[in-house]
Amino acid sequence: MSILERLFGRRTNQSATVAKNRLQMVLVQERAGRNAPDFLPLLKNEILAVVAKYLDVEDEMIKIQLESAGDTSVLEINVELDKARIKPKPAIAAKA
Amino acid sequence: MGKVVTVTSGKGGVGKTTSSAAISTGLAMRGHKTVVIDFDVGLRNLDLIMGVERRVVFDFINVINGDANLNQALIKDKRVENLYIFPTSQTRDKDALRKEGVERVMDELRDNFDFIVCDSPAGIEHGALTALYHADAAIVVTNPEVSSVRDSDRILGMLSSRSRRAERNEAPVDEFLLLTRYSADRVAKGEMLSIEDVQEILSIPLMGIIPESESVLKASNTGQPVILDKDSIAGRAYDDAVARFLGETREMRFIKAEKKGLFRSLFGKA
């Protein structure tokens, strides 16, 4: 291992750096969800259930955000779709 | 009109009671009439750390319920002029902190003291939320460790949304970071989050850094607030922290690694 690798490699391998990165990642999410109303998780679950009837989606593919600016709030629902996983037929049809 | 200073953290075991004892003692030593209240109902400990456990007659809950008045419950410190200890109940549960009752007691304290230091319990339950609710200033005690920093962040969120100041649309609670159990050696080795790391994440003004020190245990063993131990670095660091809290500018001390300091600081911080 060269001196350069040692100098630079060491810092990134240090556990304090890992700690800082992990904290920053988790806090970004937590801060965003902090002022969200209590019903948001429930809303997310119900939307997920409906979407899952038609499409093959998983929990992390749905993102719900409520943003406020002044007097207006915007409820943003993003469903990420994976083409490969779209069900050939709607679940209801398949059931029949 | 007195100022309510809540010492909080979310996480347990980071040094809230030690810090409450030291800071209230430090404020009184500077001539401010100060009372330190234990909000940890059911798990009374401030009395032990302050060394007044044998002098408790009435407590916070007695006063809230009107069974005793403030003067009967407050314990006057024998070491420091201007310092009073307000113990909590050991037998009741945390729900005994009724909102109107606490409000009345806090108002009475505001009229009679310069500083009302509230030692918050850990967690985010009723006792902790009550202590946080009344804060004019908050000292967030944090260890350089992931779970403590995360909990501190959570508490900061609550201070801005659930305090009385927030509820009444008043000026926000003054927030101060107190970094405790800091080990400069371990930071130099990259094993511990640095001051800069924690400050960057929490982004509130730094009131002080208390180094990990044997004198803290010695102080709690003997019931002497560590700030009274002038030989200990932790005691001197608390003294600096109190001075900064009161607006003085003081350089941070005891934050450099002791052994191989120059070499480590050159290469470790690269």
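A: **The interface and the sheet**

Across the interface of chain A and chain B, the rule finds four salt bridges (a side-chain nitrogen of Lys or Arg within 4 Å of a carboxyl oxygen of Asp or Glu). In a salt bridge of this kind, the side chains of Lys20(A) and Glu200(B) meet at 2.8 Å, N to O. The model is predicted, so local features need pLDDT of at least 70 and side-chain atom pairs count only at pLDDT 80 or more, whereas totals for chains, interfaces and linings use all residues. Residues are numbered from 1 along each chain as its sequence is written, chains are lettered from A and ligands numbered from 1 in the order written, and side-chain values use heavy atoms, without hydrogens and water.

Contact (heavy atoms within 4.5 Å) links 15 residues of chain A with 18 residues of chain B. The buried area, which is the accessible area (1.4 Å probe) lost on putting two parts together, summed over both, is about 1600 Å² between chain A and chain B, with carbon and sulfur atoms giving 52% of it. Nine residue pairs, both members at pLDDT 80 or more, are in polar contact between chain A and chain B (a pair of N or O atoms within 3.5 Å, one able to donate a hydrogen and the other to accept it; residues adjacent in sequence count only if both atoms are side-chain atoms). On the side of chain A that touches chain B, the elements giving two or more residues are helix 1 (3-13) and helix 2 (15-34) of chain A, and helix 2 of chain A supplies the largest share, 11 residues. By class, this side of chain A has six nonpolar, three polar and six charged residues, with Gly among the polar ones and Ala, Pro, Cys and Tyr among the nonpolar.

Behind this surface, chain B has 13 helices and eight strands (DSSP runs of H or I, at least four residues, and of E, at least two). Its C-alpha trace spans about 60 × 40 × 30 Å along the principal axes. The eight strands of chain B form an open sheet in the order 3-4-2-5-1-6-7-8, with mixed pairing (at least two DSSP bridges between two strands), and its edge strands are strand 3 (75-76) and strand 8 of chain B. Strand 7 (174-182) of chain B runs parallel to strand 6 (137-142) of chain B over six bridges, with Ala137(B) partnered by Asp174(B). Four bridges also join strand 7 of chain B in parallel to strand 8 (206-211) of chain B, where the partner of Tyr182(B) is Pro211(B).
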